[in-house]
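Subject: Structure for your review

Dear colleague,

Please find the structure below. My notes on it follow directly after.

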Amino acid sequence: MFQPQSPFLRDFVARGYLHQCTAMEELDALAMPGKAPLVAYIGFDATADSLHVGSLVQIMMLRLLQRSGGKPVVLMGGGTTKVGDPTGRDDMRKVLSDSDIAKNIAGIKQIFSKFLTFGDGPTDAIMVNNADWLDKLNYLEFLRDYGRHFSVNRMLGFDSVKIRLEREQPLTFLEFNYMILQAYDFLELARRHKCVAQLGGSDQWGNIVNGVELGRRCDDKALYGLTSPLITLASGAKMGKSAAGAVWLNEERLSAYDYWQFWRNTEDADVGRFLRLFTELPLPEIERLESLEGAEINEAKIVLANEATRLCRGDAAAADAEATARKVFVEGGLGGDLPTIDVARAAIEAGIAVIDLLVQAGLAASKSEARRLIKGNGARLNDQPISDDALKVGVADINADGVIKLSAGKKKHVVVKVG
């Protein structure tokens with residue numbers, strides 16, 4: 001097997017990012033020190049005002065590219081978001097308005113400013129929006145100049161299309177066009193920004209190869225595709241989800257404490273892999289940490305949580321989250337960084353149903369789920385098990401700290417502030 005020599009691809013392989021590459025030896029030569037900075041991009045559709053942990057591998061790939069002397073291009077899908085990527089879906093994405101898309105892009109920009117250095121320098125990252133060219137396309141000219149390069153027979157064989165058809169789920173003509181637009185994005189970025197490589201998850205391989213081939217057919221230009229494996233947990237669950245829902249990267253969507261806890265709760269079998277993918281610790285140190293056994297593996301999980309949180313939320317947030325966790329789990333107290341909700345004193349004085357409070361605190365998604373949590377001995381009030389789902393929480397439950405502590409399991413806690 002070919003062993004890359006460029007710092008970028010050498011680390012890319014060593015840290016477990018590599019799944020497929022269209023022409024690795026050629027790409028490795030382009031990425032060698034002394035050459036012009038390697039320009040590569042990843043596209044992100046603006047379907048929400050934050051990305052979640054499922055997108056973090058791609059962000060870390062761009063960060064590695066920049067640290068290795070390359071130039072990252074962050075492509076925001078202001079145009080393709082109006083179409084919707086059918087990959088991995090059984091239904092059509094919700095159609096968003098231009099104002100919704102602009103709001104979502106503004107939220108996503110906050111994330112990238114934490115991971116990449118933007119500017120006008122040769123290796124500074126840039127952020128572009130494919131609406132700048134897709135919104136201006138003339139339909140007939142586009143079909144004539146570019147549509148002729150795509151075989152419908154081949155497009156029907158791509159997983160994003162084939163799976164939908166096999167499941168007899170509707171696939172609109174709008175969605176069917178997505179792969180053509182993504183290929184055209186690659187061509188435009190090559191022309192506008194000298195971009196020679198597209199990075200992405202393995203589920204994007206077909207779309208990426210389309211762009212590589214379009215560059216060759218239209219401009220006789222060598223372009224390259226590089227993908228990472230789709231990340232699943234050792235249990236087989238999808239990366240980026242927790243019991244409470246998506247693990248968002250933006251602070252407005254998910255507190256730093258909950259973000260830290262997500263990483264702290266990593267399964268033992270995933271620790272070494274996640275340290276390689278989601279931190280920048282030296283590989284020898286990662287090897288030491290993943291070799292820990294028994295209770296000592298918790299040391300590695302804390303390091304993972306600290307490093308991942310530091311990159312996404314900053315040093316202070318990581319330190320505060322660890323301190324809060326220590327106070328909650330080791331000292332049995334209330335950490336200052338625990339999630340909080342405010343409840344009117346009048347409601348507490350009147351008595352509020354504990355199942356309603358669990359739902360309000362986000363510890364249960366519904367009343368029936370709250371009842372199941374109580375029945376399974378998973379709910380606690382001020383660290384005491386709740387045995388009666390008809391319990392009403394009142395003034396007598398306000399503890400010595402002047403608050404009420406609700407818990408679900410051993411690791412989910414919310415402070416109820418009575419105002």
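The buried residues of helix H13 are covered by several other helices, including H1 (7–14), H3 (56–67), H12 (256–264), H14 (283–290) and H15 (297–313). Here a helix is a DSSP run of H or I with at least four residues, a strand is a DSSP run of E with at least two, and both are numbered from the N terminus. Contact means heavy atoms within 4.5 Å. Helix H13 spans residues 271–278, and seven of its eight residues are buried. Buried means under 20% relative accessible area, exposed means over 50%, and partly exposed lies in between (1.4 Å probe, protein chains only). The buried residues of H13 are Val271, Gly272, Phe274, Leu275, Arg276, Leu277 and Phe278.

Please note that this is a predicted model, in which local features need pLDDT of at least 70 and side-chain atom pairs count only at pLDDT 80 or more, while totals for chains, interfaces and linings use all residues. Residues are numbered from 1 along each chain as its sequence is written, and side-chain values use heavy atoms, with hydrogens and water left out.

Rings of Phe, Tyr and Trp (its six-membered ring) pair if their centres lie within 6.5 Å; planes under 30 degrees apart count as stacked, over 60 as edge-to-face and the rest as tilted. The structure holds twelve aromatic pairs by this rule. In one of them, the ring centres of Tyr259 and Trp263 are 6.1 Å apart and the planes stand at 75°, so this pair is edge-to-face. Tyr259 and Trp263 are four residues apart in helix H12, about one turn of the helix, and both are buried. The charged end of Arg313 sits over the ring of Tyr259, 4.9 Å from its centre; this term requires NZ of Lys or CZ of Arg within 6 Å of the ring centre and within 35 degrees of the ring normal.

Which residues of strand E14 are buried on each side? Val403, Lys405 and Ser407 are buried on one side, and Ile404, Leu406 and Ala408 on the other. Strand E14 (residues 403–408) is largely enclosed by the rest of the structure, because six of its six residues are buried. E14 runs antiparallel to strand E11 (residues 379–381), with three bridges, and antiparallel to strand E15 (residues 412–418), with six bridges. Two strands pair if DSSP finds at least two bridges between them.

Yours sincerely
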